[in-house]
Amino acid sequence: MKNYFLALIFFTFFYPISWAKCASISVFSKLEITKKVIETDSVALDNAYMKVLRDGAACTLANTPNFGTRIIVALDKIKFKSNRGTTKIKRGEIAVFLENESYDLPKGSYFEIALKKVHPPLTKPKEWFEPMKNTIIYENDEFRVFEERLNPGDERPLHSHAQRVVVRLNQVQLTDPRYSIGKPGTGIQVANTVKFAEPMVHVTKNLSKIPLFNIVIEYKIEH
């Protein structure tokens with residue numbers, strides 16, 4: 001009988017603890033799985049140079065290993081807090097956070113472009129012609145961000161690009177960028193998408209009835 005009561009006491013005190021540990025592990029595992037699914041679903045681009053997430057973030061915390069500057073490009077009105085205070089930006093506007101800065105996960109529609117600190121050497125086009133009709137909105141020693149705009153029917157003369165990621169804000173049809181003479185093609189840019197592009201020299205013409213509007217994050221190279 002004494003052994004029975006001892007066993008009952010042991011079971012009463014230690015079983016809930018054991019169950020709680022199992023439950024915690026189970027919940028933690030589910031959270032980890034959910035986190036991975038969300039991150040996987042929101043990854044728009046991931047290569048040796050950068051990681052781009054749609055409505056998500058690779059690293060909101062400062063000094064995240066292998067990530068440096070992060071650029072938020074708004075696709076709608078968004079508001080979030082950071083070490084600087086509250087940031088409010090609207091579609092087509094950006095917020096740049098350096099490696100030692102942190103921010104809360106924004107709510108709403110946006111892209112986060114996280115630049116990787118360790119990446120292959122940058123390459124450059126054969127010739128360099130500065131793109132005309134663009135507006136630089138941010139620049140440092142590593143990269144520049146500019147608004148790429150072109151009115152309907154307008155053409156950007158022969159110009160060069162370094163490696164870059166393009167956030168497309170309007171759906172427009174452009175001349176095929178593979179041809180430097182501006183040969184018309186099916187170059188339709190879908191709104192709210194991103195594309196990483198290698199260096200090139202080309203001519204661009206807007207064949208659509210609405211303006212071209214992109215945000216371009218381009219690495220800086222010597223030329």
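Strand β3 (67–74) is mostly covered, with eight of its eight residues buried. Buried here means under 20% relative accessible area, exposed over 50%, and partly exposed in between, with a 1.4 Å probe and protein chains only. Strands (E, at least two residues) are DSSP runs, numbered from the N terminus. The model is predicted: local features need pLDDT of at least 70, side-chain atom pairs count only at pLDDT 80 or more, and totals for chains, interfaces and linings use all residues. Residues are numbered from 1 along each chain as its sequence is written, and side-chain values use heavy atoms, without hydrogens and water.

β3 belongs to an open sheet of five strands, ordered β1-β2-β7-β3-β6, with antiparallel pairing. Two strands pair if DSSP finds at least two bridges between them. β1 (43–46) and β6 are the edge strands; each has a single partner, so one side of each lacks a neighbour in the sheet. From one strand to the next, the twist averages 15°. The angle is taken between N-to-C directions, on a scale from 0 to 180 degrees, with axes fitted as lines to C-alpha atoms.

Bridges link β3 to both of its neighbours. Six join β3 to β7, and Ile71 has Ile113 of β7 as its bridge partner. Four join β3 to β6, where Ile72 is partnered by Ala95. β2 and β7 are antiparallel over five bridges.

The largest nonpolar core holds 23 residues. Such a core is a set of buried Ala, Val, Leu, Ile, Met, Phe, Trp, Tyr and Cys residues joined through side-chain atoms within 4.5 Å. Met50, Ile71, Ile113, Val167, Ile215 and Ile217 touch the most other members. Elements giving two or more residues include β2 (50–54), β3, β7 (110–116) and β11 (164–168). β16 gives the most, with four. Another core, of nine residues, lies apart from this one; among its members are Ala74, Phe80, Ala95 and Phe97.

Contacts are heavy atoms within 4.5 Å. Beyond four places in sequence, Val167 touches Val73, Leu75, Phe111, Ile113, Thr193, Val194, Phe213, Asn214 and Ile215.

Ala162 sits in the loop between β10 (155–161) and β11. Ala162 counts as buried because its relative accessibility is 0%. Excluding neighbours within four places, Ala162 contacts Trp128, Ala197, Pro199, Glu218, Tyr219 and Ile221. Thr123 is 39 residues from Ala162 in sequence, yet their C-alpha atoms are 7.2 Å apart.
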